[in-house]
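Hi,

Here is the structure I promised to pass on. Have a look at it first, then read my notes below.

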Amino acid sequence: MPLTETETCMRLITPALEAAGWDIQTQIRREYTFTDGRIQVRGRLTHRGTPARADYVLFRGSVALAVLEAKKQGLGPANGIQQALRYAEQLDVPFAIASDGTGFHIHDRTGQGTDVEASLAMNAFPSPDAMWDRYRQWKGLDSASATAIATEPYYEDPADRKEPRYYQRIAIQRVVETVAKGERRALLVMATGTGKTYTAFQIIHRLWKSGAVKRVLFLADRNILVDQTRVNDFKPFASVMTKITNRQADPSYQIYLALYQAITGKDGDPDLYRQFSPDFFDLIVVDECHRGSAKETSAWREVLDYFRGAIHLGLTATPKETDDVSTTTYFGDPVYYYTLGQGIEDGFLAPYKVVRYNIDKDVQGWRPTPGMIDDLGEEIEDREYNQKDMEKTLVLNHRTKTVARLVVDYIEKIGVHARAIVFCVDIDHAARMRAALVNEVAARFPGEASRVHDYVVQITGDNPEGKARLDDFINPKKTYPVIATTSKLLTTGVDAKDCQLIVIDQEINSQGEFKQIVGRGTRVDEKHGKTWFTIMDFRGVTRHFADPNFDGLPEVVYDPKSIDDPVDPDDDGETPGDETGEGITDPTDPGVIDDPDPTKRPRYIVSGVPVAVLGERVQYLGPDGRLITESLTDYAKSRITDRFRNLDAFLAAWSDAERKQVIVTELEEQGVFFDEIRDTVEKSHPGAFDPFDLVCHVAFDQPPLTRRERADNVKKRHIFAKYGEQSRRVIEILLEKYADEGLAAVEDIGVLAAPPFDQVGMPLELVKGFGGRRGYEAAVRDLEMALYATG
């Protein structure tokens, strides 16, 4: 008989690889899983899709050379080549191979051979050296020194055996090979939360260990970025690493971490970086390189120009292209990019849903009565105020309270200690929002009243008390603070893994800044229950999701001359801070001011003006990566009718399915959110409904029956009289389980080990009462037929 796929691998393919010189211990990786599986959100529950897994990945040292997909014997050597090609492209390896144990079929992506595809006998598989020579030609690694750099092993922590994810491997290898070929600048674009700093650590380690670089400078513009790097990803460098502080230039280390502000001059002091010779550093890594360093006229650029002989590596999630700021002009085109969409699809980043609120005074506008006086005794200018004025030139206290109420409403639904960040217009707005949230939390959560000062904190550049709580806020092991109000300080570089709610109550005209804010929620923290997050939008800024370039490379050119505000919104942020975390600004860059001077414009504060929420729209991230913008029931109907053309087709498929849960799961993967649809249907039809009835009602306009009604109808018909007393009792309990918990509990044979079945008999005994497992499964199918025969 033909061998199974597993037998084909064990008996035929693996021996053939070993015979060709591939080492089973160090060069052949079997069942190589390289994604986590997309996180599917179902109401407030989640589950993961199937991870991507290659049958074989072949390595030479740290470099992946080939993907091999195996099929059972007799299907033909080329049967799995399309799957192998897909994986080879995703893993960035040159060779895609398929085999059924009768031969090999190889696709050569390098373009260096005579044929792109060829079939080989089982005893003719290429050796590691042959594949490596082809790889070197493909990558232009012409010298022995370049080869040595490109094959330097990764750092492995003996404690946790952590290794780079597949996309990090690609990013690391491309930068290392860029350096090995003698190029001096490189740019990595990786979505927030995908491990840019860990990737940088592995790049530095491999270049440093290979001798390609001796001294490295890691540059950032915010203190928290440097400190997080030092104590987390760069910790293995501890014995050779220093952070430049107190304006001390100690030349005895090899890895240096520094803020731009700490090494440039202040208050007339000379530039600290000039105490190092221009050739002191071999590699400079620039974190968040889309900010100050990308601006040609910036004083921060002078640091890079001074060390122009070093290799310059830029890291960013949002490369920037404006009239006077160009990330790619300086660093070149990205050697690799990994987007938010890819991260969500692979299951490394959290999916999200969006809740959009329209407030009447924002949308319809508000005009004061003639001569109206605000709370501070100022006469309010007679004109119409709208969303762009709110919290800037006009403060409606009821609006602030309404936003706070809606935020606390949502936190109450997802968990009283669910971490949230509220992005406000400026520091004044952040302070008022904090006060409104404190009052709302104290009124709504009596158990938190004694800790309300810890529950809500303001974390802004001018607030040392709030900034002191930042470490607690980003620590998932700490319960408090729960809510942080901020302006710009938390937009980037803050690793708040368990943040479940992002609230946006500020205008965001830059797609880059919007990406950074969304990135505060995209990290997955399954250990602490964070697998998805919500964006609550009060300003309509989630329109950026509709931009076709949202998930791509640099955003479109921003032309300051075409808008009222001359400050590039990407740079309109908190003072990055000096070596102690306090504010030193780059005098040539007006965009790094902390908070616009409120004295430069009038600000009216008005109480007693009521506001109302005109509408709420909830959007979900669909299976195709796009936000579902139609109503949930309409979207579900379209998904269901795409799969089943009419009611008869659905009923036939449901009747034929041995396990009904298979159909439910299939529809869920198509974006049918049964939990949310159930909530909607139950508002007009009280009761607990089965997915069967939800499908029939939503897609085919049938009146639904509750699970209890279906169970009671079956009981009335006495159709299981043929079974003995014990078996009838089992069926009665199954009906109760169905009414209380749903169909999944009925189809799971493991339920027989749970109460109250244990009071009737042991699982094996109960199954024997039906004549064995097949008899029990037949009884369950009969029960399902009876349940769905009604209505």
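Predicted model: local features only at pLDDT ≥ 70, side-chain atom pairs only at ≥ 80, totals over all residues.

Residues are numbered from 1 along each chain as its sequence is written, and side-chain values use heavy atoms, with hydrogens and water left out.

Aromatics first. The structure holds 48 aromatic pairs (rings of Phe, Tyr and Trp, the last by its six-membered ring, with centres within 6.5 Å; planes under 30 degrees apart are stacked, over 60 edge-to-face, the rest tilted). Tyr 256 and Phe 280 make an edge-to-face one, with 5.8 Å between centres and 75° between planes. That pair links distant parts of the chain: Tyr 256 is in strand S12 (residues 255-259), and Phe 280, 24 residues apart from it, is in the loop between helix H8 (260-263) and strand S13 (283-286). Helices (H or I, at least four residues) and strands (E, at least two) are DSSP runs, numbered from the N terminus. Both Tyr 256 and Phe 280 are buried (under 20% relative accessible area with a 1.4 Å probe, protein chains only; exposed is over 50%, partly exposed in between).

Phe 650 and Trp 654 form a tilted pair, 5.7 Å centre to centre and 40° between the planes. They are about one helical turn apart because they sit four residues from each other in helix H20 (residues 647-656). Phe 650 is buried at a relative accessible area of 0%, and Trp 654 is buried at 4%.

Two charges sit over rings (NZ of Lys or CZ of Arg within 6 Å of the ring centre and within 35 degrees of the ring normal). Arg 30 does this to Tyr 56, at 4.5 Å from the ring centre, and Lys 139 to Trp 138, at 4.6 Å.

Now the cores (buried Ala, Val, Leu, Ile, Met, Phe, Trp, Tyr and Cys joined through side-chain atoms within 4.5 Å). The largest has 116 residues, and Leu 17, Phe 125 and Leu 188 have the most contacts inside it. Its largest share, nine residues, comes from helix H5 (residues 166-180). A second, separate core of 48 residues includes Leu 694, Phe 720, Tyr 738 and Leu 743.

Cheers
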